[in-house]
Number of protein chains: 2
Amino acid sequence: MNAKASDAEQRRAQILMAAMELFASKGFSATTMNDIVAATGLSKGGLYWHFKSKDDIIIGILDQFFDPELAWMQALVEQPGDSAVERLRALSAQIATAMQSMEALVPIMLEFFALAVRDQQVADTINGYYRRYTVGLVALLEQGQAQGELDIADKHTVALNIVAQFEGLALLWSLRPGQFDLRTHILTATELLLKALQPAPA
Amino acid sequence: MNAKASDAEQRRAQILMAAMELFASKGFSATTMNDIVAATGLSKGGLYWHFKSKDDIIIGILDQFFDPELAWMQALVEQPGDSAVERLRALSAQIATAMQSMEALVPIMLEFFALAVRDQQVADTINGYYRRYTVGLVALLEQGQAQGELDIADKHTVALNIVAQFEGLALLWSLRPGQFDLRTHILTATELLLKALQPAPA
DNA sequence: CCTTCCAAACCGACCGGTCGGTCTGTTCTA
DNA sequence: TAGAACAGACCGACCGGTCGGTTTGGAAGG
């Protein structure tokens, strides 16, 4: 039974993985269930045994899509002691690395954005992710201010701006494969921000 | 003949307008040619007289989609005399206004982004737009530096970061209809940037 | 001014093909 | 042997695009 459940979950994960690759290269609507069937080596019946519809597969991907980055952010916020400024620098470096390692999946993100406009469930999931991310950033900024490292008027606005900056860079990056040094841009953006948030000398 | 040509162009524009509304609310693939036929009041044959395919309509929209914003930017760069800092502020205010007035069309932008990953023509068009936009920003930044208003290490990187910031904010805004004050965020981002670019006091 | 004529513009029934999803089995495993 | 897991033929809706025919408005000719 344990083995069974594990098998079923593995199969599910395998299907999701195959579907992700297809979705990344062809988009949601141009990817057919038969494509996924072929990619998994399963049959139509086998596929529909694990997922009840195409949307079900898409939602399955969405549900786990943003998880990893959130975990890193969480860990950073709870890291004790270190200076907030250094942790912000570490965060941006980590984001650059993470995004570069997931480069092949970025197109799916764009598909989700386009979908979110029309599908409330997708919008809610993505917004939930950004909300939690923003909350973490606000906590970091507050710690920085408490330690006198930063001077921030409206932390929530600044936090959302940071998120927007990173997402915007990822967007431009995905449109210019190979001609856009994501890491440099992210690090530059972070340094500019830190400079703007520097407390005025007494 | 003149009247005829103008009629044909008007029809074309009318079709593009109707298609844009449909694409904005249903996305590219979920919008059918029959939908567009119904929305224009034309017939299938009439529609295909003016556009040879669905892709042709999409490209037709793309070709004129980003034009207006570029014109404003161009005008700002060539505006003589005014301080670069003030022109940057004016630019961000203008962008906020423009985006808010085109709110209904933002979903189409997301469709284009998703499409650009797979369609080189779409990618080239969008990249061309961003390139020209960046060139204009770099010119503005250079003017600011020449006048001693700004201190910028890498103007090109900063310009791309500005573009990314605005696009990222537009993205988040489109995902949170009614819960996101785009103007405030854009103006805040601009002020933060200007602060970061302030030359060090002598 | 009226008729003829022609091409641009338009109509809508139709077609080939595809797609998401179903259904009736068969196989494997505990 | 029961039920989970899978196979694959099949279905009906629908979609992008076509095609033969019709309307229309203005130029040409008398």
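Me: How many residues does each chain put into the contact between B and A?
Reply: In this predicted model, chain B contributes 40 residues to the contact and chain A contributes 39.

Me: And how much area do they bury?
Reply: The two chains bury about 3,700 Å² between them, with 65% of it on carbon and sulfur atoms. In chain B, the residues that lose the most area to chain A are B:Asn161, B:Leu175 and B:Arg176, which together make up 17% of what that side buries.

Me: How many salt bridges cross that interface?
Reply: The rule finds two across the interface of chain B and chain A, including one in which the side chains of B:Glu111 and A:Arg118 meet at 2.2 Å, N to O. There are also twelve residue pairs in polar contact across the interface, both residues being at pLDDT 80 or more.

Me: Which helix gives the most on the B side?
Reply: That is α9(B), which gives 13 residues to the side of chain B that touches chain A. By class, the residues of that side divide into 23 nonpolar, ten polar and seven charged.

Me: What about phosphate oxygens, which atoms of A:Tyr48 lie by one?
Reply: A polar side-chain atom of A:Tyr48 lies 3.2 Å from a phosphate oxygen of DNA strand C, whereas for A:Met33 a backbone N or O atom lies 2.8 Å from a phosphate oxygen.

Methods. Residues are numbered from 1 along each chain as its sequence is written. Chains are lettered from A and ligands numbered from 1 in the order in which they are written. This is a predicted model: local features need pLDDT of at least 70, side-chain atom pairs count only at pLDDT 80 or more; totals for chains, interfaces and linings use all residues. Side-chain values use heavy atoms; hydrogens and water are left out. Contact means heavy atoms within 4.5 Å. Buried area is the accessible area (1.4 Å probe) that two parts lose on being put together, summed over both. A salt bridge is a side-chain nitrogen of Lys or Arg within 4 Å of a carboxyl oxygen of Asp or Glu. A polar contact is a pair of N or O atoms within 3.5 Å; within protein, one must be able to donate a hydrogen and the other to accept it, and residues adjacent in sequence count only if both atoms are side-chain atoms. Helices (H or I, at least four residues) and strands (E, at least two) are DSSP runs, numbered from the N terminus. Ala, Val, Leu, Ile, Met, Phe, Trp, Tyr, Cys and Pro count as nonpolar, Asp, Glu, Lys and Arg as charged, and the others, Gly among them, as polar.
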